[in-house]
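I am opening this notebook to record what I looked up in the structure, entry by entry. The sequence and the structure come first, and my notes follow.

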Amino acid sequence: HHPQIMIDEVAVSLEWLKQSLVVGFRREYRLIDVHSEAPTLVPVPLDETMQPLIKLLPEREMLVCTRSHDNHLAMPLNFNADPCPRPPLVWNSPPLQIAYCFPYVVALTTQRRIEIHNYVNLKCTHSIQTLNLPQGVGIVDCATLAEGLTPHDFKLVLVASPTSIMQVKPKPFPAQVEELLIEEKVEEAYTLVQKTAIGSDQESMIKSFH
């Protein structure tokens, strides 16, 4: 391993992918091999008016934030910086920090709001819930990307204000499924069951479709 990797400009955002680093600069993102130091340009555009932001997800995926016209986006990529099949997430305002609580991506935005996206529902690109947090200063998930960690291990998100720390906790999955069925969103409910339930739990939840 190299004691240091030389870069030609200031890194603003940084994440470690074990064999490489993904780095956000002012004008671009790069994937840098930690052994050869060879950089690869990440195909997500940046300009100096926005803050680079990277969030690692389970199953070797990551979100890289960008902007397209007036839309603030998080582009899903794999650890080789190739696009994932999932469409980009659309934010109402630029995210400052991003956390993950399966199956949700949760962000603290520049407007001091919490925006929540359903990541496993591929048809869902906009936030499904927004919470005002005027004094929000930070957000973090309580899991690390250790070997063998599954999406189900991301169960807890903490949000900090100057005077307190709060937990953002999703509804139990059966309640989410029931709510979707009441709204006649059968396909979304079935996708949620497939992604969240295991074994006998999945069988019992599928019965609610009939």
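This is a predicted model: local features need pLDDT of at least 70, side-chain atom pairs count only at pLDDT 80 or more; totals for chains, interfaces and linings use all residues.

Entry on the hairpin. I looked up strands β14 and β15, and found that a hairpin of four residues connects β14 to β15. The two strands, β14 at residues 157-160 and β15 at residues 165-168, run antiparallel and are joined by four bridges.

Entry on confidence. I then asked how the pLDDT stands over the chain, and found an average of 81, with 76% of the residues scoring at least 70. Going element by element, I saw the highest mean pLDDT, 96, in strand β8 (residues 89-91), and the lowest, 45, in helix α3 (residues 200-206). For residues 202-210 the pLDDT is below 50, and I noted that this stretch has 17 contacts in the model beyond near neighbours in sequence.

Entry on Ser20. Leaving aside the neighbours within four places in sequence, I listed the contacts of Ser20 as Glu15, Leu31, Ile32, Asp33 and Val34.

Entry on positive phi. Which phi does Lys18 have, in the loop between β1 (13-16) and β2? I read a positive value of about 75° for Lys18, although this residue is not a glycine. With a relative accessibility of 36%, Lys18 counts as partly exposed, since that class lies between under 20% and over 50%. Arg60 sits in the loop between β5 (54-57) and β6 (61-68), and at 53% relative accessibility Arg60 counts as exposed, because the cut-off for exposed is over 50%.

Entry on a cis bond. Last, I looked up the peptide bond from Phe102 to Pro103, which is cis in the model, with omega near 5°. I placed Pro103 in the loop that lies between β9 (95-101) and β10 (104-109).

Conventions
Residues are numbered from 1 along each chain as its sequence is written. Side-chain values use heavy atoms; hydrogens and water are left out. Two strands pair if DSSP finds at least two bridges between them. pLDDT is the predictor's confidence in each residue, from 0 to 100. Contact means heavy atoms within 4.5 Å. Buried means under 20% relative accessible area, exposed over 50%, partly exposed in between (1.4 Å probe, protein chains only).
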